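Visitor: I have just opened this model and would like a tour. Could you walk me through it, one question at a time?

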Amino acid sequence: MERIPILQMGEFLLVTIQVDMHDRLAMTLQDDLTNRIIQSSARGVLIDISALEIVDSFIGRILGNIAKMSQILDAKTVVVGMQPAVAITLVELGLSLTGVRTALNVEKGMVLLRKSLAAAPRESIDGDAEV
Amino acid sequence: MNIQSSADIVLVRQAVRQWAVDLGFSLVDQTKIVTAASELARNTLDYGGGGTVKLEALQEGIRPGLRLTFEDAGPGIPDIDLALKDGFTTGNGLGMGLGGSKRLVNEFNIVSRVGEGTCITITKWK
Amino acid sequence: MHLSGKSKISEILKNSQSQLLTDWLSEQMAAGIRKDLIKESILREECREFLELLSQAVQQGDGTDIHSFQWESVRDMLTSISRSRTQKGFSPSETAIFVFSLKQPFFNRLRSELAQDSEALIDEIWLVTTLLDKLGLWTTEMYQKVREEVIMRQQEELLELSTPVVKLWDGILALPIIGTLDSARTQIVMESLLQKIVETGSEVAIIDITGVPTVDTLTAQHLLKTVTAARLMGADCILSGIRPQIAQTIVYLGVDLADVVTKASLADAFTLALKRTGATISRSQTRS
């Protein structure tokens with residue numbers, strides 16, 4: 001079964017969506033991502049949608065879900081690379097994607113993640129702040 | 001085209017995209033009509049129990065247009081005005097996407113009868 | 001009686017084409033065909049081809065409906081003549097003369113062939129007249145259609161040229177808008193801004209409307225949509241140069257700018273943008 005690959009980059013996970021996702025694929029991604037976050041204790045997730053030409057309410061929901069689930073697992077999500085035509089369409093559609101942070105590309109997304117992690121360091125068991 | 005599974009929604013998107021490209025729509029307009037098609041196809045599948053979509057290329061003077069007609073024999077929509085309001089939802093999700101889809105196209109027509117089905121026609125001009 | 005393969009007209013077209021052609025050409029010359037814009041040899045070829053196609057169409061069907069399938073090649077030929085005349089700079093009348101000037105030659109031939117039968121003569125003259133009228137009108141319509149297409153294309157090109165997005169600094173773009181924003185222009189402007197944001201990877205875009213005299217609801221909404229779209233992409237917009245009148249209009253129209261950062265001048269917006277991107281400006285020390 002086809003899966004969307006999840007790359008590990010240090011304490012971040014990178015997902016690059018390049019295909020026109022159908023429902024099952026999207027659900028599989030959600031599951032895979034959740035497992036991976038736990039497995040790798042990742043602090044951040046970058047979702048690269050620069051190749052996505054269409055984002056409808058379904059995909060919007062998936063992205064929102066991923067952000068919420070990651071939050072529960074103590075990781076932050078940033079969606080990067082949204083195409084202008086997609087952004088314009090989403091605004092018109094009325095999809096606000098609240099709770100989803102965005103950045104122009106992967107590098108800027110990582111900068112954003114590092115900044116927000118520095119502001120909210122994870123506490124280790126013996127009380128020392130761990131960034 | 002038939003809409004009976006989520007794989008069909010992807011096929012509808014691809015078909016609408018191709019037609020929009022052939023008719024010379026700008027990238028933004030292409031994105032808008034394909035997204036609207038995706039929303040309505042999904043509605044047809046999720047709320048209408050499956051149905052069909054018809055694609056038509058139109059011409060008004062020098063302007064080309066694309067018309068999509070989504071039909072299903074599902075439960076129908078009891079309160080159309082309510083369904084068109086943003087944020088309306090009967091299921092668990094962002095709702096039917098009707099109000100939003102309406103803004104993406106130039107013409108939006110909906111006929112629905114409870115117990116008989118729904119027919120939505122959208123048109124986008126270049 | 002209607003035009004058919006049996007009528008005199010069709011016979012004339014079949015048998016006396018070259019005579020018709022000569023008469024027609026001299027008719028057009030007399031009408032003052034633009035010799036400076038079209039070579040006689042080309043005109044002759046066009047006329048010859050037209051008569052040929054006309055002959056075939058008349059043989060095949062009746063002449064009452066020039067939109068029918070049998071008349072397709074005639075219509076296409078006239079359309080292409082209209083197109084080339086438009087490009088060469090002919091006026092609509094000058095273009096239509098091509099068809100209308102064919103009447104007199106036809107009348108001449110009909111008169112000589114049907115000298116004995118005045119009834120038939122009148123009928124045939126009427127048939128030719130109505131047919132050529134229809135074809136002449138078609139030619140004029142096609143001429144206008146082509147003109148419209150050209151104008152539309154020029155308008156699009158003009159719109160694209162008049163919306164420059166400037167790079168002020170690394171990661172900071174500015175879009176100074178001058179003149180009134182109508183719906184079409186605003187959309188193009190906004191699309192090009194968003195495109196530039198992606199291309200340059202700029203996280204801040206300053207939209208300066210100092211040069212915009214008035215703003216209506218639609219434009220204000222477009223501006224808001226652009227800001228929202230930019231934010232969705234991962235960039236931020238600062239609106240600058242809002243004049244008091246525009247501020248009033250915006251409040252009056254009930255447009256909610258609560259979320260958008262605004263600055264009175266482009267300079268202030270630039271300063272803020274620099275801060276946002278983490279840049280600082282320091283003056284270099286000069287030795288005195």
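Visitor: Happy to start where two chains meet. How many residues of chain B are in contact with chain A, and which element gives the largest share of that side?
Guide: Keep in mind that this is a predicted model. On the chain A side of the contact there are 17 residues, and chain B brings 22. The elements of chain B that give two or more residues are α1 (6–22), α2 (27–46) and α4 (98–104). The largest share, nine residues, comes from α2(B).

Visitor: Let us move to chain C. How many helices and strands does chain C have, and what share of its residues is buried?
Guide: The secondary structure of chain C comes to eleven helices and five strands. Among its contacts with a separation of 6 or more, 79% join residues 24 or more positions apart. Of the 288 residues in chain C, the buried share is 32%.

Visitor: How do α3(C) and α4(C) lie relative to each other, roughly parallel or roughly antiparallel?
Guide: Helix α3 (residues 40–60) and helix α4 (residues 72–88) of chain C have axes that come within 9 Å and cross at roughly 155 degrees. The crossing is left-handed. Angles over 145 degrees count as roughly antiparallel. The two helices α3(C) and α4(C) are therefore roughly antiparallel.

Visitor: Which residues of α4(C) meet α3(C)?
Guide: From α3(C) come C:E46, C:E49, C:F50, C:L53, C:L54 and C:A57. By class, this contact has seven nonpolar, one polar and two charged residues. On the α4(C) side the residues are C:S73, C:V74, C:M77 and C:I81.

Visitor: And α2(C) with α3(C): what is the term for their arrangement, oblique or roughly antiparallel?
Guide: Helix α2 (residues 17–30) of chain C packs on α3(C) at an angle of about 135 degrees, with the axes 10 Å apart. Their crossing is right-handed. Since roughly antiparallel needs an angle over 145 degrees, the pair α2(C) and α3(C) is therefore oblique.

Visitor: Which element gives the most residues to the largest nonpolar core?
Guide: That core has 96 residues, and those touching the most other members are A:V45, A:I47, A:A87, C:L175, C:A205, C:I206 and C:M233. The element giving the most to this core, with eight residues, is α2(B).

Visitor: Which residues is A:I47 in contact with, leaving aside its neighbours within four places in sequence?
Guide: A:I47 is among the residues that touch the most other members of the largest nonpolar core. Beyond its sequence neighbours, A:I47 is in contact with A:V15, A:I17, A:L63, A:I66, A:T77, A:V79 and A:V80.

Visitor: One last stop. Is C:T186 buried or exposed?
Guide: C:T186 sits in helix α8 (residues 183–200) of chain C. Leaving aside neighbours within four places in sequence, C:T186 is in contact with C:L181, C:T219 and C:H222. A residue counts as buried when 20 or more other C-beta atoms lie within 10 Å of its own. C:T186 has 22 of them, so C:T186 is buried.

Conventions
Residues are numbered from 1 along each chain as its sequence is written. Chains are lettered from A and ligands numbered from 1 in the order in which they are written. This is a predicted model: local features need pLDDT of at least 70, side-chain atom pairs count only at pLDDT 80 or more; totals for chains, interfaces and linings use all residues. Two residues are in contact if their C-beta atoms, placed from the backbone, lie within 7 Å. Helices (H or I, at least four residues) and strands (E, at least two) are DSSP runs, numbered from the N terminus. A residue is buried if 20 or more other C-beta atoms lie within 10 Å of its own, exposed if 12 or fewer, and partly exposed in between; C-beta atoms are placed from the backbone. Axes are lines fitted to C-alpha atoms, for helices over the stretch in contact, and angles run from 0 to 180 degrees between N-to-C directions. Angles under 35 degrees count as roughly parallel, over 145 as roughly antiparallel, 65 to 115 as roughly perpendicular and the rest as oblique. A crossing is left-handed if the near helix is turned anticlockwise from the far one by less than a right angle, and right-handed if clockwise. Ala, Val, Leu, Ile, Met, Phe, Trp, Tyr, Cys and Pro count as nonpolar, Asp, Glu, Lys and Arg as charged, and the others, Gly among them, as polar. A nonpolar core is a set of buried Ala, Val, Leu, Ile, Met, Phe, Trp, Tyr and Cys residues joined through C-beta atoms within 7 Å.
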